Number of protein chains: 2
Amino acid sequence: MAVTIDDIAKAAGVSRATVSRVLNDSGYVKDETRKKVLKAIKELNYTPSAIARSLSKKKTNTIGVVVPEINNPFFGEIIKGVNQVADEHNLNLILCNTDEDVDKELKALKLLKEQRIQGILITPTSTDSDYNSEYLWTIENLGIPVVLIDGHVKYSNFNGVFIDHIKGAYDAVKTLIDEGHEKIAIITGRMDSRPAKERLAGYKKALKMHNIPIREEYIFYGDYTHEKAYKITKEILKMKDRPTAIFVSSNMMVLGCIKAFDEENIQIPKDMAIIGFDKVEVLNIIGMNISFINGPTIEMGKTAMNMLIDILQSGKTTETEIKTIKLLPQLVLKGSEKFIE
Amino acid sequence: MAVTIDDIAKAAGVSRATVSRVLNDSGYVKDETRKKVLKAIKELNYTPSAIARSLSKKKTNTIGVVVPEINNPFFGEIIKGVNQVADEHNLNLILCNTDEDVDKELKALKLLKEQRIQGILITPTSTDSDYNSEYLWTIENLGIPVVLIDGHVKYSNFNGVFIDHIKGAYDAVKTLIDEGHEKIAIITGRMDSRPAKERLAGYKKALKMHNIPIREEYIFYGDYTHEKAYKITKEILKMKDRPTAIFVSSNMMVLGCIKAFDEENIQIPKDMAIIGFDKVEVLNIIGMNISFINGPTIEMGKTAMNMLIDILQSGKTTETEIKTIKLLPQLVLKGSEKFIE
DNA sequence: ATGAAAGCGCTAACAT
DNA sequence: ATGTTAGCGCTTTCAT
């Protein structure tokens, strides 16, 4: 660990500038000299210090990634996408997991700034709550480019890549309508989150566009958990004028529905049709075919990383524009949406 | 971004040494002076550079984490555990995802060394194949403490935390035996991986200890994929002298079994009992109760991080001992193991 | 209690 | 084509 560029210089009988040149392929170096240097590097098992280089260059080549829940495959896939692009550009990733905790998120941001990272990719825990002011202040005063991934930070404009939840929900509900369903319920997500709001909007839009009246009693407010969805589904199944289809606003909640269906001996789609938002890989593997809206997670990660790289390469110290990309989710039909008399 | 310790010194009318002292709470600083400095820091929104500090201290406070598949919740949970402990000790995590690719893993190791990280936590992609020599050479010559997580690098001894796969498998099979099963099949993992070998060993041990002859035709060699497990299960169901229970050596493979069962109208556990290794959260949520051996993933991450911290604090440049911890997996019974005539 | 100065390992003009 | 030198932003003796 103690071998430095000077050791190499000494061993090769050249100056440290020359060593630096062969290290960076910059400037002119006689072939013979280069070989000597390379040999010394090999022999001493030398690895240059990125720390020293960063300090000297005032540039770290590392970017920070902040996620709320690393053990959720949704974020795992985002990171996978981020990582792929980062790899291609030889960027390091410093990972911060916040456990959905705003204070940890703030702490992470501070940490990252100390590390003099080039930019930040963040999937904000943030909802509409009122801590937002300090939160925003922190992000904005970072002086570092930030790209949001599928989140929403109130009152403020940031670069980001998002999913078009409205369109996704619209497509799902439209499909149900096309199948012949008219009594379509929705189980929403936590309504202080942007995706939940947008998905509900998409649901309403689809009904309106097809002249189906929106019935408040068909709108059920969930909270993204399968437990709540389970309870709601039980209720739905007890309704006198029961819907024939449910649009479920998140993957976890789909699981709750399935459990309730199972207990009440409800067959999909014979007794109840269903379309979810976001996939649950496992269900397909075990042969349980549930249609869903597929938000392109890996793609989101890639897109965000690319956007950040673009911003960094533009080289502007102050940002002059807000970049936003909306990714379109795909509808994946498995048969659970069918209308069967 | 341009504000440095010298700016603060100037603003506060002191030397940079003094600023450093208040930053690190070291040495003596008059209260009044400290306040001036703190004020300047606040006003200029100054964040010290970890890079410069690292260079000066020859110590980075960051550790590298290398995993093969970030989007697999198994590794997600490990990282979550690692992260928790790292947080408590104010350590940064540099994440490397290798996509099960040995070359990427090697590259990651090099990258990490350049970053002068303090230590490495790695879940090796490595199996028994022959690239091992370069691989081992690389790790050993890193000159950095390494802690393995649940992996196995052939021919070599490293610090590490592992799961006692033998005991896990033994417990599972013993449970089946206690239930009254005698014809018990196993679907193994990829046999060039250590966990697969050990789980098979545990299976055999349980049979032997209970005087049940090992029947080669009940040993099925899988490869951790659900597709293969699906095919194998179909075969099993066709056997003349069909087993009454299957011990399935990985969570993904359990899914393949379930699909096959479903297609053939096999009821669990009436027609076939089953116990898997590693949980599949989703199955429980939808009310499908499959018993399984639970390897404590988050715990493994924590334990590994703690071990690394221990090693670092021991302060030895050369390691004088190999530390190894084996974590005991727990049996979680859900009813799928029952013997029903 | 505070300051001056050397040094961490590298890069990048500037010389030669 | 190669060497000299001055930083990069911080910590840490050593003085005072």
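Me: How far does a polar side-chain atom of A:Thr18 lie from a phosphate oxygen of DNA strand D?
Reply: This is a predicted model in which local features need pLDDT of at least 70 and side-chain atom pairs count only at pLDDT 80 or more, while totals for chains, interfaces and linings use all residues. Residues are numbered from 1 along each chain as its sequence is written, chains are lettered from A and ligands numbered from 1 in the order in which they are written, and side-chain values use heavy atoms, without hydrogens and water. A polar contact is a pair of N or O atoms within 3.5 Å; within protein, one must be able to donate a hydrogen and the other to accept it, and residues adjacent in sequence count only if both atoms are side-chain atoms. From the polar side-chain atom of A:Thr18 to the phosphate oxygen of DNA strand D, the distance is 2.8 Å.

Me: Which residue has a polar side-chain atom 3.1 Å from a base nitrogen of DNA strand D?
Reply: Of the atoms of DNA strand D within 4 Å of the protein, 58% belong to sugar or phosphate and the rest to bases. The phosphate side includes a backbone N or O atom of B:Ile5, 2.3 Å from a phosphate oxygen. At 3.1 Å from a base nitrogen there is a polar side-chain atom of A:Ser56.

Me: Which element supplies the largest share of the surface near DNA strand D?
Reply: A residue is near a strand if one of its heavy atoms lies within 4 Å of it. Helices (H or I, at least four residues) and strands (E, at least two) are DSSP runs numbered from the N terminus. The largest share, five residues, comes from H2(B).

Me: Which element gives the most to the surface near DNA strand C?
Reply: A phosphate oxygen of DNA strand C is 2.3 Å from a side-chain N or O atom of B:Thr33. Two or more residues come from each of H2 and H4 of chain A and H2 and H4 of chain B. The most, five residues, is given by H2(A).

Me: How much area do chain B and chain A bury between them?
Reply: Buried area is the accessible area (1.4 Å probe) that two parts lose on being put together, summed over both. Contact, meaning heavy atoms within 4.5 Å, takes 52 residues from chain B and 51 residues from chain A. Carbon and sulfur atoms hold 60% of the buried area, which comes to about 5100 Å².

Me: Which residue of chain B is the bridge partner of A:Ile94?
Reply: Two strands pair if DSSP finds at least two bridges between them. Strand S2 (residues 92-97) of chain A and S2(B) run antiparallel, joined by three bridges. The partner of A:Ile94 in S2(B) is B:Ile94.

Me: Which residue of chain B meets A:Lys104 in a salt bridge?
Reply: A salt bridge is a side-chain nitrogen of Lys or Arg within 4 Å of a carboxyl oxygen of Asp or Glu. The rule finds four across the interface of chain B and chain A. In one of them, at 3.9 Å (N to O), A:Lys104 meets B:Asp87.

Me: How many residues apart are A:Asp6 and A:Arg16?
Reply: Their side chains meet in a salt bridge at 2.8 Å, N to O. A:Asp6 belongs to helix H1 (residues 5-12) of chain A and A:Arg16 to helix H2 of chain A, so defined by DSSP runs. The pair links distant parts of the chain, and the number of residues apart is ten.
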